Amino acid sequence: GAGVSQSPSNKVTEKGKDVELRCDPISGHTALYWYRQSLGQGLEFLIYFQGNSAPDKSGLPSDRFSAERTGGSVSTLTIQRTQQEDSAVYLCASSLATGVGQETQYFGPGTRLLVL
Amino acid sequence: QQQVKQSPQSLIVQKGGISIINCAYENTAFDYFPWYQQFPGKGPALLIAIRPDVSEKKEGRFTISFNKSAKQFSLHIMDSQPGDSATYFCAASGHLLYSSASKIIFGSGTRLSIRP
């Protein structure tokens with residue numbers, strides 16, 4: 001596709017249930033990022049992938065959060081035993097990762113998660 | 001030391017006026033400073049970016065002013081229009097800091113409203 005796509009666009013779940021959020025990066029982009037944006041707030045970094053490996057997981061807020069990336073492409077962010085404070089917009093971005101920095105991150109439209 | 005501090009949190013400007021958003025950073029290893037624009041319901045998108053070897057960059061009505069010694073940079077929107085109403089994020093990255101891809105540190109965002 002032409003841009004980063006995310007699914008679902010909206011997700012409503014009950015407290016305690018598990019959810020999976022999907023990100024399809026731009027073809028050829030080796031770097032992939034997950035962010036969380038709470039209502040009216042800034043971007044909270046969660047995790048970054050280079051290829052299929054995740055050299056930086058420092059932003060994951062708890063062990064209920066995990067992410068994987070397969071084939072250097074699609075990534076899935078999983079939240080187990082969701083809590084109401086997990087309600088937010090989860091944004092995915094990708095970049096070329098040429099190794100010289102100054103790379104633009106291209107964002108998807110986000111998944112709006114509401115935990116009841 | 002990895003933070004990027006952004007102000008103001010919100011800003012209201014009359015149509016035709018100049019919108020100014022300020023950011024400051026601590027880590028001198030940052031070497032790339034992008035600004036992202038986010039409309040409601042959308043992911044952020046790159047607006048304009050600057051490297052620290054120049055003091056100003058202009059693209060249309062948007063200008064970044066960069067003060068390396070003060071470790072500050074700002075976004076100026078000239079002749080502000082209602083269509084500029086969005087949330088703006090400053091950011092910083094440093095390819096020497098974060099492996100081969102550009103981990104970007106985002107500011108907390110400024111919600112800009114342009115009054116007709």
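Predicted model: local features only at pLDDT ≥ 70, side-chain atom pairs only at ≥ 80, totals over all residues.
Residues are numbered from 1 along each chain as its sequence is written, and chains are lettered from A, with ligands numbered from 1, in the order in which they are written.

Start at A:S75. This serine lies in strand 8 of chain A, residues 75-79. Strands here are DSSP runs of E, at least two residues, and are numbered from the N terminus; helices are runs of H or I, at least four residues. A:S75 has a relative accessible area of 0%, so it counts as buried. The classes are buried under 20% relative accessible area, exposed over 50%, and partly exposed in between, with a 1.4 Å probe and protein chains only. What does the side chain of A:S75 reach? It reaches the backbone oxygen of A:E68, at 3.0 Å. Leaving aside residues up to four places away in sequence, A:S75 touches A:L21, A:R22, A:C23, A:L32, A:W34, A:F49, A:E68 and A:R69. Touching means heavy atoms within 4.5 Å.

Side chains of opposite charge can pair when their charged atoms come close. A salt bridge needs a side-chain nitrogen of Lys or Arg within 4 Å of a carboxyl oxygen of Asp or Glu. The whole structure holds 8 of them over all chains. A:R22 pairs with A:D24, N to O, at 2.8 Å. A:R22 is partly exposed at 37% relative accessibility. A:D24 is partly exposed too, at 22%.

Move to chain B. B:K71 and B:E26 form a salt bridge at 3.9 Å, N to O. This pair links distant parts of the chain, 45 residues apart. B:K71 sits in the loop between strand 7 (62-67) and strand 8 (72-77). B:E26 sits in the loop between strand 3 (19-25) and strand 4 (33-38). B:K71 is at 22% relative accessibility, so it counts as partly exposed. B:E26 is partly exposed as well, at 47%.

Is B:D84, the salt-bridge partner of B:R61, buried or exposed? B:D84 is buried, at 5% relative accessibility. B:R61 is partly exposed, at 27%. The closest N and O atoms of B:R61 and B:D84 are 2.8 Å apart.

Now the strands of chain B. Strand 3 has a covered face of B:S19, B:I21, B:C23 and B:Y25. B:I20, B:N22 and B:A24 make its uncovered face. Two strands pair if DSSP finds at least two bridges between them. B:V4 has B:Y25 as its bridge partner in strand 3. Strand 3 also runs antiparallel to strand 8, through 6 bridges. There, B:I20 has B:H76 as its bridge partner in strand 8.

A:V12, A:L114 and A:L116 make a nonpolar patch of about 280 Å². Patch residues have over 30% relative accessible area and no salt bridge; nonpolar side chains (Val, Leu, Ile, Met, Phe, Trp, Tyr) are joined within 5 Å, like charges within 9 Å. Areas come from the Shrake-Rupley method with a 1.4 Å probe; for residues, only the protein chains shown count as cover. A:L114 lies in strand 11, residues 111-115, and is partly exposed at 40%.

Key. Heavy atoms only, no water. Polar contact = N/O pair within 3.5 Å; in protein donor to acceptor, adjacent residues only side chain to side chain.
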